[in-house]
Each structure stands twice: as structure tokens, then as C-alpha cells.
Amino acid sequence: MRDLFQELNARLSSAVEQVPEVPVARTWGRLTRMAGLTLEAVGCRLCTGQRCMIETDHGTLVEAEVVGFDRQASVLMPIRHTTGLRPGSRVLPLHGDSKIDVGYSMLGRVLNGLGEPLDGKGAIHGEQRINLQGETINPLQRLPISTQLDVGVRAINGMLSVGKGQRMGLFAGSGVGKSVLLGMMTRNTTAEITVVGLIGERGREVREFIEHSLGPEGMKNAVVIASPADDPPLMRLRASVLCHRIAEFFRDQGHDVLLLMDSLTRYAQAQREIALAVGEPPATKGYPPSVFSLLPQLVERAGNGATERGSITAFYTVLSEGDDQQDPIADAARAILDGHIVLNRELAEQGHYPAIDIEQSISRAMPQVVSAEQLKQAQQIKQRYARYRQIQDLIALGGYQPGQDPNLDIAVQQYPAICQFLQQGMQERVTLDQTQHAMMQLT
């Protein structure tokens, strides 16, 4: 009797072990409506931010994300362009967080917003698989900005010094040379890894930036994430988040990372498209409130980590439509970043490159990363430059008389040298030591 009981117990244990292997029924929902950029699905339990797959008439599956709900209907937005959808198309919920493969095999590669290669060099086999949404760092645990980062551009190294872990805005209108300046920093920086995000730009500019602005030298230790303007807005958002997640991975490995994102304005516009599509009311110049809450969430992911090794120094380009510095996105970015560099169209038209307007630009972390002597020299150069610009029209009219104001005389004499100091060739690299030596000669 005991042997029979033991045999039954063994069979029961074996049956229980096989239960998890039995396929569980999968719940599918159905599409009921398509309006503009959004889809509506019913019949399955979905929560905001959850991913799902939609079956098309072609037999393919399209990934989408839940961006809202209306009573019992979930509002979805596809990540890619879709065709073949119809009323009743099946919707399969996906469980678990979005994960990406990351590793050093990414260096020198061009990816899309999903981490898939665009350069035709084969699949990327990452060393680790991590969540797309990284953990936030307690602000009290972040290390302060204390060390200067060499970006290889004399005007920035000397007048707008950037510290490791600082987040700067690059404010410019169209055609003022921001892509050229980003390429110069990528090639010339002393940062070990560079992550470049091309978000919402023209598709033609992606290849031009990679081949002309970056070049083979800049691509060696760089990862490029490209999501052109014709990508759906959700793909552009994913690409922006992916840039920061890859940069966070390399920072956590102990590397100094330079993150260049072009542009923060296109990121805001993508979120505006999504928010308006799901019915959020517009606020400031057509931008819904959610845009201004997402901007700091994205920007705060850059910066120093909680350990002594590794940093993310970020430059975000901000498009100023019509060179308007009071654009709502420009104004919001100026408030949450650690400084701003303004590119002046007038300087660009004069052939002054990079067209950095040092009068309107500022680096808030500069006093913490440079010596008191260099800070004083930068202030003197800026004062003399501004003094000359104030009376430039008067000089052209012959109204300037030397000898009446000694400070003005010095500004007039040194203005050509200051302009030469602020200009730099596209292929020229200027180190911190060379910058400091040039500043000593000016002052």
C-alpha cells in the first residue's frame, strides 16, 4: 500500500512539474477605430506605456504602444508606419519592460529608434540586455561638476567652459552652423565615447552629418541614433530615450560620454503630435502641458552618476524659429539646462565660424571648473568684445575719437584679435592648454 502511495505521489509531482510548460491561452483584443495617428482597441486589458502587437491583413505584426484610453477603449499609437489595418484586426498585449541590447559592438554603428542597424553592417550583438527605461538617480547622490571637459573648440573651452556632467543648450536657427559645430566637438573632444542622436531632422542630413561632419575619425568611438522627420512621432520619442539609455550604459561602465542630441525641439514636437492626437488641450503656442513635463525628465537622465567614474556631458540643440529666443521650447530649455550657447545669424553671414555669440551665451558651471585667473580673463575678453560691438556703428560713421576713453581704445585695438580667437576652422583642433595660452596673450 505504501509503495502504491509513493508511486502515485511521484506521478503527481511529475505532472505538477509539467504544468508550467503547458501553453497558456493568449488574450487578443480588436481594433475598433483609427483616427489620424491613433488607434483604438477593446477586448483586452492594457495600461499606459504597455506595448502590443497588431496583426495586419498581410500577416505581419506591427508594434504599438498604449498612449491613453477613453472609457473602455485603449488608445494606441504605432511605432512604425502601418498599412493593412482594418476594423477587427487582432491586438496582442506584450508583457514585460522594453529591453535593448547594448555593448561596445555599437561603436561606429548607426541605429534607429528601436536599436536596429541602419548602416547595413549586420546585426548588433550586445554584451548586455537592459531595460529601455533606466533608474533615476537621487539628486543628492550625484557627484558635483568639478572637472572641465575639452571639446576641442577654442571659443567654448575658453569663454564657455564646460564641465564633465554638464548639460548645455545649443540655440540656433536653421542654417547657422550647428551641425558643423556638433561635428567639430565629436571629432575633437577628449571624451571616450560619443553618442549622437539625430531626431526629427531631414533624412538627407543624416548621411551628410555622418560622412561630412563626423567622418571616419569621429565615428570610431561614436554611436549614432537616427530617427528622421518622416518617422512616426513615437519612433522619434523612442530614439531620444535610446540615446540617453546608451549613454547611461557607457557612463555606468566608467567612461566619460559626450551626448549630442539634435534636436530637443523635434523631441518636443513629437510629443506635441502625440498629445494632441489623444485629445490633450494645447497650451503655450500649441504645446500641451505634457511637453513641458517630459523635457526635464529626459534632460535629467544626463549628468554625473553616483560613482566617481563616468559622466554624461550633454549638448542639446534647440531650434529658434526665426531666431526667436523667446520660443516656448527655447525658454523652457534655458531654464532646465546648465547653460546655453547661442549661434548668431549675423555672425554667420559675416563668415564668422563657429558663429557663437558670446554676449548672449553663458556656462553656469564655468566658475566650478576653471581657475579664478581664466575666469577673469574670460570676463575681460567678453567686456571688450561687447564694448566694441556697442559703438561699432559709431566707428563706421567716423564718430570715434581715440584717447577719450582708455578702455574703449583697448577694445578697439584688440577687437580683431578677439574675433580671430573666437573663430576656428572645421578641421582645426584646439586643446585646453592652447586655449589658455591664447587667452593670456589677449589679456
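This is a predicted model: local features need pLDDT of at least 70, side-chain atom pairs count only at pLDDT 80 or more; totals for chains, interfaces and linings use all residues.

Modeller: Start with strand E11 and its partner. E11 pairs with strand E13, residues 256–262, through 6 bridges, and the pairing is parallel.

Now ask how enclosed the strand is. The burial holds on both faces. On one side are Ile193, Val195, Gly197 and Ile199. On the other are Thr194, Val196 and Leu198. Buried here means under 20% relative accessible area.

Follow E13 out of the sheet. The loop between E13 and helix H6 holds Ser263. The peptide bond from Asp262 to Ser263 is cis, with omega near 15 degrees. Most residues other than glycine have a negative phi, and most peptide bonds are trans. A cis bond also leads from Tyr353 to Pro354, with omega near -10 degrees. Pro354 belongs to the loop between helix H9 (345–349) and strand E17 (362–363).

Go on past H6. Lys285 lies in the loop between H6 and H7. Its phi is near 50 degrees, a positive value in a residue that is not glycine. Lys285 counts as exposed, at 58% relative accessibility.

H6 and H7 also meet another helix. Helix H8 spans residues 328–336, and its buried residues are Pro328, Ile329, Ala330, Ala332, Ala333 and Arg334. These buried residues pack against H6 (264–277) and H7 (289–299). They also pack against strands E10 (167–172), E15 (311–319) and E16 (339–342). The N-terminal end of H8 is capped by Asp327. A side-chain oxygen of Asp327 lies 3.1 Å from the backbone nitrogen of Ile329.

Next, the open space. The largest pocket holds about 980 Å³. It is lined by 36 residues, and those closest to its centre are Glu65, Gln133, Val241, Gln297 and Arg301. Strand E4 (61–70), helix H5 (233–252), H6 and H7 each give two or more residues to this lining. H5 supplies the largest share, 6 residues.

Strands E1 (residues 29–35) and E2 (residues 38–42) run antiparallel and are joined by 5 bridges. Arg33 has Glu40 of E2 as its bridge partner.

Arg71 is found between E4 and strand E5 (73–78). Arg71 has a positive phi, near 55 degrees, although it is not a glycine. Its relative accessible area is 73%, so Arg71 is exposed: the cut-off is over 50%.

Ile391 sits between helix H11 (372–390) and helix H12 (392–396). Ile391 has a relative accessible area of 11%, so it is buried. Leaving aside neighbours within four places in sequence, Ile391 touches Tyr400 and Leu408. From Ile391 to Cys419 is 28 residues in sequence and 16 Å in space, C-alpha to C-alpha.

Last, step back to the whole chain. There are 14 helices and 17 strands. The C-alpha trace spans about 115 × 50 × 40 Å along its principal axes. Of the 443 residues, 51% are buried. Consider the contacts between residues at least 6 apart in sequence: 73% of these join residues at least 24 apart.

Key:
Residues are numbered from 1 along each chain as its sequence is written. Side-chain values use heavy atoms; hydrogens and water are left out. Two strands pair if DSSP finds at least two bridges between them. Helices (H or I, at least four residues) and strands (E, at least two) are DSSP runs, numbered from the N terminus. Buried means under 20% relative accessible area, exposed over 50%, partly exposed in between (1.4 Å probe, protein chains only). Contact means heavy atoms within 4.5 Å. A polar contact is a pair of N or O atoms within 3.5 Å; within protein, one must be able to donate a hydrogen and the other to accept it, and residues adjacent in sequence count only if both atoms are side-chain atoms. On a 1 Å grid over the protein atoms alone, a cavity is a set of points where a 1.4 Å probe fits but cannot get out, and a pocket is an open set with protein on both sides within 12 Å along at least five of seven lines; lining residues have an atom within 4 Å of a point. Grid points are joined across faces, edges and corners, and a volume is the space filled by probe spheres set on the points.
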